[in-house]
Structure formats: structure tokens, C-alpha cells
Amino acid sequence: MSRNKYPEETVERILDTAQRLFLEKGYEQTTIQDITDNLGGLTKGAIYHHFKSKEEIIDAVSDRMFFSNNPFEAVRERKDLNGLQKLREAIRLNQSDQERTNLTIQSIPVCKNPRLLMEMINSNRKILTPYYQELLEEGNRDGSIHTKYAKEIAELMPLLTSLWMLPSVFPGSKKDMKHKFLFIGEMLEKMGVPLFDQEILQIVDDFFDQLPETPLKE
């Protein structure tokens, strides 16, 4: 009765438990039964009432972790940074969240569900694109960025850094994925957004150092 009366509490319990298990055991090693066993009374049916698959759960966990520690909101009102510096700082803050980085790495090989991919694209468009556009336009105003394509880059960035980087969509090795990131940096610089300084390049290196050594394939 109580879990039907307060579905949002049930969802939070599921996500709390799944997040802990994903970080402790790893996504691949965690089963729906593991999550059920750690929920203290909830059944698999209760989980499947809210989430159709384990992929949906990790997607929801990732979203919740982002909003609980949103790097764009953290830099938004800072007066000591210009638009370009805010973009760089948002990236740095995002990557400094080791738990979220860990979960991102775990989710890279498993995003194969077409419906989830469409939800990811739509979510990125609604959430990340406005943040990018706001900071790009701020950079244009303060002179740290010089681009005629703020709107287009804001739409493109979430696609390039998520969908294009997924080996389940575009098969490739760790080396291939890193090369794509370097391409993104060069492309942005030619469009008037010199986002990749030495610190960002080091962040990229550190991120890819954490990825599995074996090629990631379909």
C-alpha cells in the first residue's frame, strides 16, 4: 500500500540502492535481483513498475547525479570568470565528480536501446543545450569567445560528446574515442571557441586513462 501511495519515495529508494550497487560492484555485475535484495521488502514487480530495464535505471541514476551536483549552475553566477572560463570550469567540475565519472564510464558500452538513445538525445537538447548556449553567448558578449554559431554549437556539443562518443552507435577503441575529442577541440577553436586549453586536454587524457584498454565494439 505505502509504495503505491508514495511512488516517488519508491523511485528514490530504487535509485539510491542501484547507485550504491553500481558504484560498489559495477553496472555489469549488478543484477535487478541484487537491487531487489537490497530494497528491504520491495519486489522485482515494484522495480519494473517504474523502470523497464537496468539500462533505464542507470540512465535515471546518471540524471539524478547530474542535477544534484550541476556544474553549469555552479559556475553560472560567478563574477570572476568570463564565458569561456565558465565553460572550462564546468567541464573541470563535471570531471572532478569521481562517482559520476565512474558511472559514465560504466554506461559507455551499454547504451544500445534505441528508445533510451532517443531519450538521451531529447534530454540533452532540453537540458544541456540551453546551458551551453547561455555561456557561449556570454562569451561572445565579454569577448572571450568569437563565434557566429552559438546556437548551433550549443545543439551540437551534447550530440558530439554523448551520442557520437558511444561505441554502441559508432564502434571504436579508446584511442578512436580520444581522437574524436581532439577533433572536437580543433573544430571548436576554428569556430571561435578555444575551449581546449592544457588543463582541459589533461582532463581528457585522465578520463580516457580510466577507460578499458580493450576496444569497445557493438
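**Close-up views of a predicted model**

**View 1. The largest nonpolar core.** In this predicted model, the largest nonpolar core holds 33 residues. Phe 72, Leu 136, Leu 188, Leu 195 and Phe 208 have the most contacts inside it. Six helices are named as suppliers of at least two residues each: H6 (71–76), H7 (83–96), H9 (114–142), H10 (150–161), H11 and H12. In soluble globular proteins, nonpolar side chains tend to be buried together.

**View 2. The surroundings of Phe 72.** Neighbours within four places in sequence are set aside here.

**View 3. Helix H11 packed with helix H12.** H11 spans residues 174–190, and H12 spans residues 198–209. Their axes lie 10 Å apart, at an angle of about 165°. H11 is therefore roughly antiparallel to H12. The crossing of the two helices is right-handed. H11 brings Lys 174, Met 177, Lys 178, Phe 181 and Leu 182 to the contact. H12 brings Leu 201, Val 204, Asp 205, Phe 208 and Asp 209. Of these contact residues, 6 are nonpolar, 4 are charged and none is polar.

**View 4. Phe 181 in helix H11.** Phe 181 sits in H11. Phe 181 counts as buried because its relative accessibility is 16%, under the 20% cut-off. Leaving out residues up to four places away in sequence, Phe 181 touches Thr 161, Met 165, Phe 196, Val 204 and Phe 208. Met 165 is 16 residues away along the chain, and its C-alpha atom is 8.5 Å from that of Phe 181.

Methods: Residues are numbered from 1 along each chain as its sequence is written. This is a predicted model: local features need pLDDT of at least 70, side-chain atom pairs count only at pLDDT 80 or more; totals for chains, interfaces and linings use all residues. Side-chain values use heavy atoms; hydrogens and water are left out. Axes are lines fitted to C-alpha atoms, for helices over the stretch in contact, and angles run from 0 to 180 degrees between N-to-C directions. Helices (H or I, at least four residues) and strands (E, at least two) are DSSP runs, numbered from the N terminus. Angles under 35 degrees count as roughly parallel, over 145 as roughly antiparallel, 65 to 115 as roughly perpendicular and the rest as oblique. A crossing is left-handed if the near helix is turned anticlockwise from the far one by less than a right angle, and right-handed if clockwise. Contact means heavy atoms within 4.5 Å. Ala, Val, Leu, Ile, Met, Phe, Trp, Tyr, Cys and Pro count as nonpolar, Asp, Glu, Lys and Arg as charged, and the others, Gly among them, as polar. A nonpolar core is a set of buried Ala, Val, Leu, Ile, Met, Phe, Trp, Tyr and Cys residues joined through side-chain atoms within 4.5 Å. Buried means under 20% relative accessible area, exposed over 50%, partly exposed in between (1.4 Å probe, protein chains only).
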